[in-house]
Amino acid sequence: MHSFFMQKALEAARTALFITSPNPRVGCVIVVDNTVIATGATQQAGGAHAEVMALQAAQQAGYTHLEHATVYVTLEPCSHYGRTPPCVQALIQARPKTVVIAMADPNPQVAGKGIAALKQAGIEVVVGVEQAAAFELNIGFVARMVRGTPWLWLKTASSLDGQTALASGQSKWITGPEARHDGQRFRARSCLVLTGIGTCLADNPLLNVRDIDTPRQPIRAVVDSQLRISPDLALFNGDPVWVFTTRSDAQLAAQLADKNAQLITLPANSDGQVDLMQLMRWLGAQQINEVHTEAGAQLNGALWQAGLVDAVLSYLAPVVLGPGRPLMQIDALPDLAQATRMEMVETQLIGADVRIQMRHAQHWQQLYTQIQIEE
C-alpha cells in the first residue's frame, strides 16, 4: 500500500519537472483511510514546497486535524531555512500519524536531520519506498549535492551508420518531427543547454525550448575556447547565455552583456581548450543540476574522453547516410576491453525513429549509494 501512494506522490513530483530548478522535484500526498485527500508539488524556486502545498490543500478540503493521516513525500522534508521555512516544522505542527519518505536528501544541510526531527516529535517515519524512482527524478540535484557537478546528458540524433550530418554539413532533418518534439522535453527539464562554437557557427541554432508549455527557459551555453563567437548569432535573443572561453576580450564582453550574455573565462587544458572538468565544477557552483548537451563531434568527444558524460539520449533514424560527420571524435582505442560500455535504460519508438536512453552505470551507482539511509 505504501508503494501505491508513493507512486501518486511521484506523479505529483513529475508535474514540477520543468520548474523547480535549482530545487529538487518533490511531490507529496496526504492519505486518510486509504484515500488521497490532498496533493502538492514543489513550486518554482522561492515558492512553497510540496509538503506545504499538500498541507494547505488538506486544510482547504476541510481536514484541520491529521492525527490519523499518512503523509507520503518523495524526498526527505527540508530542515533548514532557505528561500522558505523548513518543511519538517510544518509537518510536525500538523502531527500526522506517519510520514513515508522515498529517499533521503543529499543536501548536507538536511541529510537525515529532517527524518530525525520527525522521529523526535513522535511521528512514525518509513524511509526508502520507491527510492530508485525518486532518485531518478532528481538525479541532477543529487549529482550536484554529492560530487559538486551537474548530471550531464549527451543528446544525439544520427543515422543507422552513426552519422549526424552529411559530409557537407547538411543535417536537417535526419530524424522526424516527432523525435525533434520529444527532444524538446529533455531540453525543458534541464537547467542548461550546452553546445560548442562549431555548432553555433555552422547551424546558428536558438537552442531554446519550443512547443513545450514551460515558464522557465534553461540557460544556453557555448564552449568557445578561442573566442570565435559573434554577437549577431540567433542564440543571443535576450535570454541568458553563458559563453565559456580561455581568453579575455573586454569589447566583446560588453557587446554580449548588452544582449544578456556573459563571457566566462576558465582555465585551459594542455591542448589550449577550455578545461571541461573546471567548467562542470563552475556550473555546479552556479546551482546547475542537469546539463543537456547538443553539440558536434569535437565537444561530444571531449566530454566523453574527460569522463563527464553521465547519460546518453540517442535518437536513431532508419536511414543510412554514408560518409559524413560522426557522433564524436575520440582517440583510437588500443583494445576493445578499454571501451566504456553504457547501461541501457529504455528504448522507445518515437514516430519513425527510435529513442534510446543509456547511462554510465558506475556514475549512477556512486550517487545512488549516497542517498540510502540505514534504518
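## Terms and basis

Two strands pair if DSSP finds at least two bridges between them. Helices (H or I, at least four residues) and strands (E, at least two) are DSSP runs, numbered from the N terminus.

This is a predicted model, in which local features need pLDDT of at least 70, side-chain atom pairs count only at pLDDT 80 or more, and totals for chains, interfaces and linings use all residues. Residues are numbered from 1 along each chain as its sequence is written, and side-chain values use heavy atoms, with hydrogens and water left out.

## The five-stranded sheet

Five strands make an open sheet with mixed pairing. Their order is β2-β1-β3-β4-β5. The edges are β2 (35-41) and β5 (124-127). Each has a single partner strand, so one side of each has no neighbour in the sheet. From one strand to the next, the twist averages 15°. Axes here are lines fitted to C-alpha atoms, for helices over the stretch in contact, and angles run from 0 to 180 degrees between N-to-C directions.

Strand β4 (residues 98-101) runs parallel to β5, and four bridges join them. Val99 has Val125 in β5 as its bridge partner. Helix α4 (residues 113-120) lies across β4 and β5. The helix runs at about 150° to β5.

## The nine-stranded sheet

A second open sheet has nine strands, again with mixed pairing. The order is β11-β10-β9-β8-β12-β6-β13-β16-β15. At the edges are β11 (261-265) and β15 (343-350), and each pairs on one side only. Neighbouring strands are turned by 20° against each other on average, direction ignored.

Strands β9 (residues 219-223) and β10 (residues 241-245) run parallel, joined by four bridges. Val222 stands opposite Val243 in β10. Helix α10 (residues 276-285) packs on this sheet. The helix touches β6 (151-158), β8 (192-196), β9, β10, β11 and β12 (290-293). Contact means heavy atoms within 4.5 Å. The direction of α10 makes about 150° with that of β10.

## Helix against helix

Helix α6 (residues 139-147) meets helix α12 (residues 361-368). Their axes come within 10 Å and cross at roughly 75°. That makes α6 roughly perpendicular to α12 (angles under 35 degrees count as roughly parallel, over 145 as roughly antiparallel, 65 to 115 as roughly perpendicular and the rest as oblique).

From α6 come Ile139, Val142, Ala143, Val146 and Arg147. From α12 come His363, Trp364 and Leu367. By class, the contact has six nonpolar, one polar and one charged residues. Here Ala, Val, Leu, Ile, Met, Phe, Trp, Tyr, Cys and Pro count as nonpolar, Asp, Glu, Lys and Arg as charged, and the others, Gly among them, as polar.

## Backbone details in the loops

A cis peptide bond joins Ser21 and Pro22, with omega about 5°. Pro22 lies in the loop between α1 (2-14) and β1 (27-32).

Asn260 is not a glycine, but its phi is positive, near 65°. Asn260 sits in the loop between α9 (250-257) and β11. Its relative accessible area is 41%, so Asn260 is partly exposed (buried means under 20% relative accessible area, exposed over 50%, partly exposed in between, with a 1.4 Å probe and protein chains only). Gln287 also has a positive phi, of about 65°, without being a glycine. The loop between α10 and β12 holds Gln287. Gln287 counts as partly exposed, at 37% relative accessibility.
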